Amino acid sequence: MLRVHSTETFGTQDWPGIRFLLFLQWCNFKCVYCQNRDTREFGWWKEMSDEDLIEMIHREEVYFGDRWGVTVSGGEPLMQAKWLISFFTKLKKIWIHTALDTNASILNDDVKKLLEVTDLVLPDIKHMDNEWHKKVTWENNKSVFEFLDYLEKIKKQFWVRYVLVPGYTDQKESIENMWKYLSKFKFLQRIEILPFHNLGEYKWKEMGENYFLKWIHSPKKEELEEVKNILDKHLKNVYIRI
Ligand code: SF4
C-alpha cells in the first residue's frame, strides 16, 4: 500500500503531455521554500493499493489523449520506493509511461529496482554548494550527485530541475558550477529553471509554522533569463518553466 497525500489529473507541468499526478507522503528534506509543506508530516495520508490507483487512472484516461502518463511526486517518492516498484511494474505492463519527480537523495536497492521500471526521472538540484544546500534543505548534497551519477551509469533519461530563489540559489558561482558539473552527462535531456513563488505559504501557516521566505520575491524575468543565458552557453535544452 502506498501512503498517498493526494492525486491530481490533467497535470501538464511534470512532463509534456497530460499526467496523472500522485503525491506521496513523507520527505527527508526540509526545504525552506517547500510548496508542499503538508506532505512532509506523518499521519496525513490515506493508504491506497496499486489496484485502487490503477482503477482511478483508467477512469480518467479517456480524457487524456494520445500522450500521457503517470508522474509520482511528493513529498519524496523514493521514501516509498519499496511499494512503488509493484505499482510502476503494473503500469509498465499496461504500457503507461512512468516518471519520478524526486529530490534525488536516496539510492538503495529498492530505488535501483524502481528505476528499472521508470521511464523518466525528474531530479532536483537544490544547490551546488554543500553549505548552501544545507541551509536550503538541512541535508548534504553528496547523495544527490551520487544519484545523478547512477542515472548516467544505467543510461536513464532524466531532466534536472532547479528552483531559482533570490538570495538563496541565485549565486553566479553556483550556476557556473552547475553547468560545469552537468556538462558530463549524456542522458540529461533537459534542464528546467523554476521560479520560486510563495503560493505554498498558507500550508505553513495552517501547520502553525513560520514561513521564513515570506519577504522573498519571485525572481524577475531578467533574473531567470540571466541564469538561462549562463547555462545556455554550455548546455542544450535549457528552459524556464513559468
Ligand atoms: S524535497 Fe520537495 S517535498 Fe521535500 S521538503 Fe523539499 S520541496 Fe518539500
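Start by selecting T137, which sits in helix 4. Helices here are DSSP runs of H or I with at least four residues, strands are E runs of at least two, and both are numbered from the N terminus. T137 is buried, at 0% relative accessible area. (Buried means under 20% relative accessible area, exposed means over 50%, and partly exposed is in between, using a 1.4 Å probe and protein chains only.) Now show what T137 touches: leaving out residues up to four places away in sequence, you'll find F29, K30, C31 and K126. Contact here means heavy atoms within 4.5 Å.

A quick word on what you're looking at: this is a predicted model, where local features need pLDDT of at least 70, side-chain atom pairs count only at pLDDT 80 or more, and totals for chains, interfaces and linings use all residues. Residues are numbered from 1 along each chain as its sequence is written, and side-chain values use heavy atoms, with hydrogens and water left out.

Next, click on W138, in the loop between helix 4 (130-137) and helix 5. Its phi is near 70°, a positive value in a residue other than glycine. Is W138 buried or exposed? It is exposed, with a relative accessible area of 60%.

Then jump to K155, in the loop between helix 5 and strand 7 (158-164). K155 isn't a glycine either, yet it has a positive phi of about 60°. K155 counts as exposed, at 58% relative accessibility.

**A cis peptide bond**

Select G74 and G75 together and look at the bond joining them: it is a cis peptide bond, with omega about 10°. G75 belongs to the loop between strand 4 (68-73) and helix 2.

**Helix 1 against helix 2**

Colour residues 50-61 (helix 1) and residues 81-93 (helix 2). They pack at an angle of about 40°, with axes 10 Å apart. Axes are lines fitted to C-alpha atoms, for helices over the stretch in contact, and angles run from 0 to 180 degrees between N-to-C directions. That angle makes helix 1 oblique to helix 2.

Show the side chains that make the contact: D50, E51, L53, I54 and I57 from helix 1, and W83, S86, F87, K90 and L91 from helix 2. By class, that contact has six nonpolar, one polar and three charged residues. (Ala, Val, Leu, Ile, Met, Phe, Trp, Tyr, Cys and Pro count as nonpolar, Asp, Glu, Lys and Arg as charged, and the others, Gly among them, as polar.)

**Helix 3 against helix 5**

Move on to helix 3 (residues 109-116) and helix 5 (residues 142-153), whose axes come within 12 Å and cross at roughly 40°. That makes helix 3 oblique to helix 5. Which residues make the contact? Look for V111, K112 and L115 on helix 3, with F147, Y150 and L151 on helix 5. The classes here are five nonpolar, no polar and one charged.

**Helix 6 against helix 8**

Now select helix 6 (residues 172-182) and helix 8 (residues 221-232), packed at about 35° with their axes 9 Å apart. Their crossing is right-handed. K172, I175, E176, M178 and W179 of helix 6 meet E226, V227, I230 and L231 of helix 8.

While you're on helix 8, pick K228. K228 is partly exposed, with a relative accessible area of 21%. Leaving aside neighbours within four places in sequence, K228 is in contact with I193, V238, Y239 and I240.

**Into the core**

Which members of the largest nonpolar core touch the most other members? Of its 71 residues, F87, L182 and L231 do. (A nonpolar core is a set of buried Ala, Val, Leu, Ile, Met, Phe, Trp, Tyr and Cys residues joined through side-chain atoms within 4.5 Å.) Select L182 and, setting aside neighbours within four places in sequence, you'll see contacts with I125, V160, L188, I191 and L235.

**Last stop**

Finish at E201, in helix 7 (residues 201-206). E201 counts as buried, at 14% relative accessibility. Apart from neighbours within four places in sequence, E201 is in contact with Y211 and K214.

Key. Angles under 35 degrees count as roughly parallel, over 145 as roughly antiparallel, 65 to 115 as roughly perpendicular and the rest as oblique. A crossing is left-handed if the near helix is turned anticlockwise from the far one by less than a right angle, and right-handed if clockwise.
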